[in-house]
Amino acid sequence: MRKRIVAGNWKMNNNFEEADDLIAGILDDIEKAGKPDDIQVVLCPPSLYLELATDMLLDLPVSAGAQNVSQFEGGAYTGEISAQMLASMDVEYCITGHSERRKYFNETDEQIAQKVNSLLSESITPIFCCGEQLHEREVGNHFKVVQEQLSKGLFHLRKEVFKKIVIAYEPVWAIGTGVTATSGQAQEMHAYLRGLVRDQYDDLTGDETTILYGGSCNSKNAADLFANPDVDGGLIGGASLKPGEFMSIVRSFHN
Ligand code: PEP
């Protein structure tokens with residue numbers, strides 16, 4: 001079944017105490033104001049704080065996600081963290097293919113595909129990011145760019161395995177810029193992405209794939225974006241660092 005998800009990508013922010021306060025603030029907000037049952041909330045702190053997160057979230061309706069994983073299974077890869085390690089810490093989700101990793105760490109579609117495979121082999125749900133740069137949209141190449149990203153990063157998967165994937169459409173020009181895609185642009189791209197999944201697999205798989213929007217999403221624009229039939233939630237960066245702001249995005253589905 002298609003899920004609705006709001007995931008917070010903290011990126012490389014917060015010291016240990018601030019991370020503790022942020023999780024506590026979100027849980028406090030949920031205790032006071034509740035969380036819609038039909039929305040899955042995922043917190044993706046830096047890997048160093050995943051144990052803190054999984055401990056604090058134990059038995060609560062909020063999941064922990066990682067921001068990155070190694071493409072290798074294990075061994076002599078200094079500094080890396082494997083999917084098996086994440087699974088052993090009860091991490092349920094992991095962001096892959098984020099544009100910041102593509103840009104600053106030169107991650108290729110092939111590496112991203114390997115990361116997706118590693119995660120799936122440990123039953124961790126990849127949140128697979130795709131999205132075009134501004135100059136690509138300006139020349140009308142945005143559909144082709146995301147089509148290639150899905151085709152190289154995901155479409156090697158068998159249908160039964162693909163069903164575990166969550167896609168996040170994140171136009172690069174909207175990430176951290178304060179410029180959000182319009183509701184119309186988001187719906188247009190999400191419908192296109194769903195169509196690609198339908199064509200690759202079948203209608204049911206397309207209908208059931210969760211597709212999140214990411215890029216300067218906040219409590220003011222979330223309701224508008226989430227009201228679209230093909231937008232199933234958000235991957236939230238900057239606005240996930242304040243408990244009240246993040247939780248009002250979570251509640252935007254019902255505004
Ligand atoms: C992101 O980096 O995944 C993101 C969506 O960032 P922001 O919300 O800050 O644009």
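**Labels and the values behind them**

R2, R194, D230 and D232 are joined in a network of salt bridges. The model is a predicted one.

Q: How many salt bridges does a search of the whole structure find?
A: The search finds 15 salt bridges.

Q: Why is the contact between K32 and D28 called a salt bridge?
A: The N to O distance between the side chains of K32 and D28 is 2.7 Å. The cut-off is 4 Å between a side-chain nitrogen of Lys or Arg and a carboxyl oxygen of Asp or Glu, so the contact between K32 and D28 qualifies.

Q: What places K32 and D28 about one helical turn apart?
A: Both belong to helix α1 (residues 16-33), and they are four residues apart, which means a separation of about one helical turn.

Q: What makes E107 and R101 a salt bridge?
A: The closest N and O atoms of E107 and R101 are 2.7 Å apart. This is within 4 Å, so the pair is a salt bridge.

Q: Is E107 buried or exposed, and how do you know?
A: E107 has a relative accessible area of 8%. Buried means under 20%, and therefore E107 is buried.

Q: Why is R101 called partly exposed?
A: The relative accessible area of R101 is 21%. Buried requires a value under 20% and exposed a value over 50%, so R101 is partly exposed.

Q: What is the charged end of R101 said to sit over, and what distance goes with that?
A: The charged end of R101 sits over the ring of F105, 4.2 Å from the ring centre.

Q: Which residues lie nearest the centre of the largest pocket?
A: S47, Q67, N68, R101 and F105 lie nearest the centre, out of 19 lining residues. The space in this pocket is about 520 Å³.

Q: Which element gives the largest share of the lining of the largest pocket?
A: Helix α4 (residues 99-104) gives three residues, the largest share. By class, the lining holds eight nonpolar, seven polar and four charged residues.

Q: Which residues are closest to the centre of the second largest pocket?
A: About 340 Å³ of space lies in the second largest pocket. Of its 20 lining residues, R102, G131, Q133, V145 and Q149 are the closest to its centre. The elements giving two or more residues to this lining are α4, β5 (125-130) and α7 (142-153). With five residues, α7 has the largest share. The lining is made up of four nonpolar, seven polar and nine charged residues.

Q: What makes R137 and E132 a salt bridge?
A: The closest N and O atoms of R137 and E132 are 2.7 Å apart. The limit is 4 Å, so the pair counts. R137 and E132 are both buried.

Q: How many aromatic pairs are there?
A: The count comes to eight aromatic pairs.

Q: Why is the pair of F226 and F253 called stacked?
A: The ring centres of F226 and F253 are 4.6 Å apart, and the planes are at 25 degrees. Centres must lie within 6.5 Å for a pair, and planes under 30 degrees apart count as stacked, so F226 and F253 are a stacked pair.

Q: Where do F226 and F253 lie in the chain?
A: F226 is in helix α11 (residues 222-226) and F253 in the segment after α12 (243-250). The two are 27 residues apart, and their pair links distant parts of the chain.

Q: How do you know whether F226 and F253 are buried or exposed?
A: F226 has 5% relative accessibility, and F253 has a relative accessible area of 11%. Values under 20% mean buried, so F226 and F253 are buried.

Q: Why is D59 called exposed?
A: The relative accessible area of D59 is 77%. The limit for exposed is over 50%, so D59 is exposed. D59 lies in the loop between α2 (50-57) and β3 (62-66), and its phi is near 65 degrees, a positive value in a residue other than glycine.

Technical notes
Residues numbered from 1 in each chain as written. Predicted model: local features only at pLDDT ≥ 70, side-chain atom pairs only at ≥ 80, totals over all residues. Heavy atoms only, no water. Buried < 20%, exposed > 50% of the residue type's maximum accessible area, 1.4 Å probe, protein only. 1 Å grid on protein atoms, 1.4 Å probe; cavity = no way out; pocket = protein on both sides within 12 Å on 5 of 7 lines; lining within 4 Å. Points joined across faces, edges and corners; volume = space filled by probe spheres on them. Nonpolar A, V, L, I, M, F, W, Y, C, P; charged D, E, K, R; others polar. Phe/Tyr/Trp six-rings, centres within 6.5 Å; stacked < 30°, edge-to-face > 60°. Lys NZ or Arg CZ within 6 Å of the ring centre and 35° of its normal.
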